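Visitor: Please give a close account of a single part of this structure, and of the surroundings in which it sits.

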Amino acid sequence: MRATVIGAGVIGLTTGIRLREAGVDAHIVAAEPPADTVASSMAGAIWYPYGDSAGTREAAWGRRSLEIFTALAQGGTPGLVVRDMLELRYEPSPDPWWADPALGYRRCEPVDLAGGYADGYIQQTVAIDVVPTLGVLEGRFRELGGTIELRRLSRFADATAPGELVINCAGVGAGELAADQLVHPIRGQVVRVRGEPVDRITMVDGGPLGYAYVMPHSDECVVGGTRQPGVWDRTPDDAVTEQLLETAATLEPGLRNAEVIGVKVGLRPGRGEVRVEREGDVIHNYGHAGNGWSLSWGCAETVVELATAPR
Ligand SMILES: Cc1cc2nc3c(=O)[nH]c(=O)nc-3n(C[C@H](O)[C@H](O)[C@H](O)COP(=O)(O)OP(=O)(O)OC[C@H]3O[C@@H](n4cnc5c(N)ncnc54)[C@H](O)[C@@H]3O)c2cc1C
């Protein structure tokens with residue numbers, strides 16, 4: 001069986017890998033290569049499934065993806081490191097659905113809450129340095145015999161011959177291809193800095209900092225974040241960069257006066273609900289919003305089930 005995967009972000013690459021491992025002759029067609037993708041290469045990123053998805057398919061996809069990223073990190077894969085994550089809250093909050101004592105989950109002690117926070121917790125997760133990790137995924141896909149052709153498509157029929165499978169992993173571009181009005185961009189700006197070493201991820205949502213995080217990768221940190229639904233403009237906003245640098249110094253004082261390495265603006269593929277579904281010879285895998293890295297492997301395995309199930 002031959003399949004054309006549209007998209008070379010984390011969703012297209014993980015899907016392509018799993019399809020080839022299952023014996024499907026999968027190849028990728030993408031407008032941008034992995035390192036230039038508008039969402040995957042611009043992300044923070046960490047394994048952190050946003051939202052209250054306990055008991056849903058998303059929770060299963062998230063668990064499976066954590067399992068795989070953790071094994072890859074523990075196997076020494078470049079770009080992936082298991083680290084502690086501190087999540088701080090201005091209001092008391094329940095445990096997240098994915099709280100796991102095996103990953104060191106614990107509620108914060110008062111000593112962890114300096115800075116006026118009311119609540120919080122700590123758990124290990126996987127920090128994903130996205131560009132090297134996309135390189136690893138691309139390498140694995142090519143090693144399995146997959147090819148990547150750079151070409152923008154305006155309809156599924158241009159991707160493949162009749163009767164062959166098309167896998168729609170086109171991120172925010174998936175909406176136009178599938179005529180799905182629900183798909184929209186969620187703009188996010190991040191700044192990459194180098195300062196004193198940081199070994200723990202810190203996240204805050206709400207309060208004076210708004211939605212904010214510091215994610216360390218090797219000797220640099222990615223600082224975010226912003227969420228602007230419906231905004232396509234990818235021009236960096238200097239005022240937001242200044243605000244992010246202040247956020248970095250507030251969350252990690254060793255980052256005050258840190259060197260700015262770069263500013264990136266990405267478009268998360270928003271939809272309201274992730275779409276992993278078969279429609280004739282097209283299998284959709286898109287709409288992961290701010291969770292694409294966290295759900296990727298699980299979704300890819302569901303695509304393989306849909307592609308190989310008897311019909
Ligand atoms: C600032 C920021 C921070 C984030 N942080 C996290 C995080 O910490 N954890 C997490 O899990 N997720 C995070 N995300 C979300 C995550 O990055 C996305 O959900 C994920 O990257 C989506 O991957 P994708 O492959 O669907 O899309 P993309 O990476 O955008 O890839 C889409 C691919 O489809 C191709 N394509 C599109 N249209 C066409 C067309 N018409 N023809 C041919 N090819 C086409 C593109 O060229 C590209 O190759 C973050 C995102 C941003 C922007």
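**A loop, a helix and a ligand shell**

Guide: Alanine 45 has its place in the loop between β2 and α2 (57–74); helices (H or I, at least four residues) and strands (E, at least two) are DSSP runs, numbered from the N terminus. The structure is a predicted model, in which local features need pLDDT of at least 70 and side-chain atom pairs count only at pLDDT 80 or more, while totals for chains, interfaces and linings use all residues. Residue numbers start from 1 along each chain as its sequence is written.

The peptide bond that joins glycine 44 and alanine 45 is cis, with omega about -10 degrees. Isoleucine 46 is, with Ile6, one of the residues with the most contacts inside the largest nonpolar core, which has 78 residues. Such a core is a set of buried Ala, Val, Leu, Ile, Met, Phe, Trp, Tyr and Cys residues joined through C-beta atoms within 7 Å. Buried means 20 or more other C-beta atoms within 10 Å of the residue's own, exposed means 12 or fewer, and partly exposed lies in between, with C-beta atoms placed from the backbone. The helix α6 supplies the largest share of this core, 7 residues. In soluble globular proteins, nonpolar side chains tend to be buried together. Not counting residues up to four places away in sequence, isoleucine 46 touches Met85, Thr125, Val126, Ala127, Ile128, Ile201 and Met215, where contact requires C-beta atoms, placed from the backbone, within 7 Å.

Because 11 of its 12 residues are buried, α1 is largely enclosed by the rest of the structure. The buried residues of α1 pack against β1 (2–6), β2, α3 (130–143), β7 (165–168), β15 (282–286) and α6. The helix is followed by glycine 23, with a positive phi near 95 degrees.

Within α1 lies threonine 14, which counts as buried because it has 28 C-beta neighbours inside 10 Å. Leaving aside neighbours within four places in sequence, threonine 14 is in contact with Leu137, Ser296, Trp297 and Ala300.

In total, 44 residues surround the ligand, the closest being Gly9, Gly171, Gly173, Gly266 and Gly292; a residue belongs here if its C-beta atom, placed from the backbone, lies within 6 Å of the molecule. Two or more residues of this shell come from each of α1 (10–21), β2 (25–30), β8 (184–194), β13 (259–270) and α6 (292–308). By class, the shell holds 24 nonpolar, 17 polar and 3 charged residues, with Ala, Val, Leu, Ile, Met, Phe, Trp, Tyr, Cys and Pro counted as nonpolar, Asp, Glu, Lys and Arg as charged, and the others, Gly among them, as polar.

Some backbone details elsewhere complete the account. A further cis peptide bond joins glycine 224 and glycine 225, with omega about 0 degrees. Alanine 179, in the loop between α4 (174–178) and β8, has a positive phi near 50 degrees although it is not glycine.

Note on methods
Two residues are in contact if their C-beta atoms, placed from the backbone, lie within 7 Å.
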